[in-house]
Amino acid sequence: MNIQNSLPLGHLVLDKQEQFYTQKFDILEKAQEIFEDFKLDNNKHTNISNSLAILYAKDEGNIPPLIDFFQKDAMQDFEVVLVELSEATSINGSFGNFVAKLNNEEEILFSQAVLFVNDENLLRFRGIYSVADFDNPSTLLATLKSNLGTFSYKEIITYKDDACQYHHRREKHCGKCADICPTFGVGANDNLMELVFSPIDCISCGACVGVCPTSSLTYEDLPKEGLEEIIDLYKESKIFLCDLDSYENLARLNFTLPQNLTPLILPNLKMLNENDYLTMLQTSGNDLLVFNHQAPMIDFINNITQNAYQKNAILQASTPQEIEEYAQQINSFESYLYKNRYNKPHRESFAQRLQYIIKDKDFGIAKSVAPVYYGNIKIDKDKCTLCLSCVGACNVNAIFAKSDDFSLRFNPSLCTTCGYCVDSCPEKIMDLNRDGLELNPDYFKSRELAKDEPFLCVECGKPFSTKKSIDKIFTMLSASFSKDPQKLRTLQCCPDCKVRVMFANKV
């Protein structure tokens, strides 16, 4: 039986004799409809020819016998070329269209490759296989042959650069998506400071989406709006959460879930961030049981619930026996039917959900768990000139200026602790920590970092900047402009008056 085609997903681990089987099956059917509504078609294609490269390293100047044997077997179905890695200056391209450039400037084209040495970087390409990952040559050759012909794939990850904390910045302060990607699905061009996406190399694990602190990446097979629709179906349910592969393994074992659990089967769990897990807890009104998945987001949520409720609200089972054991330990969780704001970074919704938990209490600090960082900023307000470089550096509005009272303000709950504001500060008076999230009401409100009095234009009297910033500029440039009183005066003029003073008596 094809488990993936036995729909709705999750029903194979339900006890058909239990009292609430029909209600649970109804939840799974509705969830399946939402999955199908968002599921993408394979709309991209490439041809995989029978050109095969064997990538190896010579053994004392000779081709190892094992490679010779494999080459003879492969030549029955493939056009095989040997590439000695020390002779290759580069190997680039993608599945179906690889090119190896050699020292003698020769180029070798191939569709797939077999790697007889350990090279983690080359294994990030789809279509390049390590012999160490296969039990025998026959299994490896069968895999290579199964790829021949038209390979179809889809662009499952989409990207918006407006909130990205890597895109076109002067220095690298993020790149979590590229760092966590196990393939070349997401890469980072540090010369251009731009992300590079390769849909054909993407294995749809969703890890890049889960670690993005600003929600700049979307998993199109199940965007967060669709995920929330599904979670809404599980109100008052005790959720058993696992990915598709783990579900298939349980179904093959004929495993039946304890009757108090309702399965939620997702394509993968790596796409989930801390707000997704808290949404499941608060919507279901119960603790959560996760199967066969470890994630820093789970640990971070448990740091929060340990402080606030003295318990791990997310239980993690790794065996069927542990599922049985932990199912009995699931208790109620404080429900909150808040709707997430998906037009904003997820930390805004997360802040709303946490405030409901905290109310007017102080539960201390929930420690950060890499790569999920929360923290705080300190500033020497006496030295701050309110130049607003930090405001320009922050693209999540954690730091902002109020024009009505010339103050600089900061909301730590929105801050991703990327540190770009610290490096952008010309006065070098900002200090950032990534210790964790402070579970008190003040952490979720903006506070004043620095404030100054307005500077009034010496010509028209209109406020146009702060006194500290104009005084600093005047001090820096007064010596250079000392021989030109009009030019010196322009330093204390608003933009409208600056031009008039500059050209006075010159027409």
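This is a predicted model: local features need pLDDT of at least 70, side-chain atom pairs count only at pLDDT 80 or more; totals for chains, interfaces and linings use all residues.
T46 is buried, because its relative accessible area is 14% and burial here means under 20%, with exposed being over 50% and partly exposed in between, for a 1.4 Å probe and protein chains only. Residues are numbered from 1 along each chain as its sequence is written, and side-chain values use heavy atoms, without hydrogens or water.

T46 belongs to strand β1, residues 44–48; strands are DSSP runs of E with at least two residues, helices are runs of H or I with at least four, and both are numbered from the N terminus. Beyond its neighbours within four places in sequence, T46 is in contact with F95, N97, G149, T150, F151, Y153 and I200, contact meaning heavy atoms within 4.5 Å.

I turn now to a helix pair. Helices α2 (residues 65–74) and α3 (residues 137–146) pack at about 45°, their axes 11 Å apart. Axes are lines fitted to C-alpha atoms over the stretch in contact, and angles run from 0 to 180 degrees between N-to-C directions. On the α2 side the contact is made by F70, D73 and A74, and on the α3 side by P137, L140, L141 and L144.

Finally, the whole protein chain: its secondary structure comprises 16 helices and 26 strands. Of its 507 residues, 50% are buried. The C-alpha atoms fill a box of roughly 90 × 70 × 40 Å along the principal axes.
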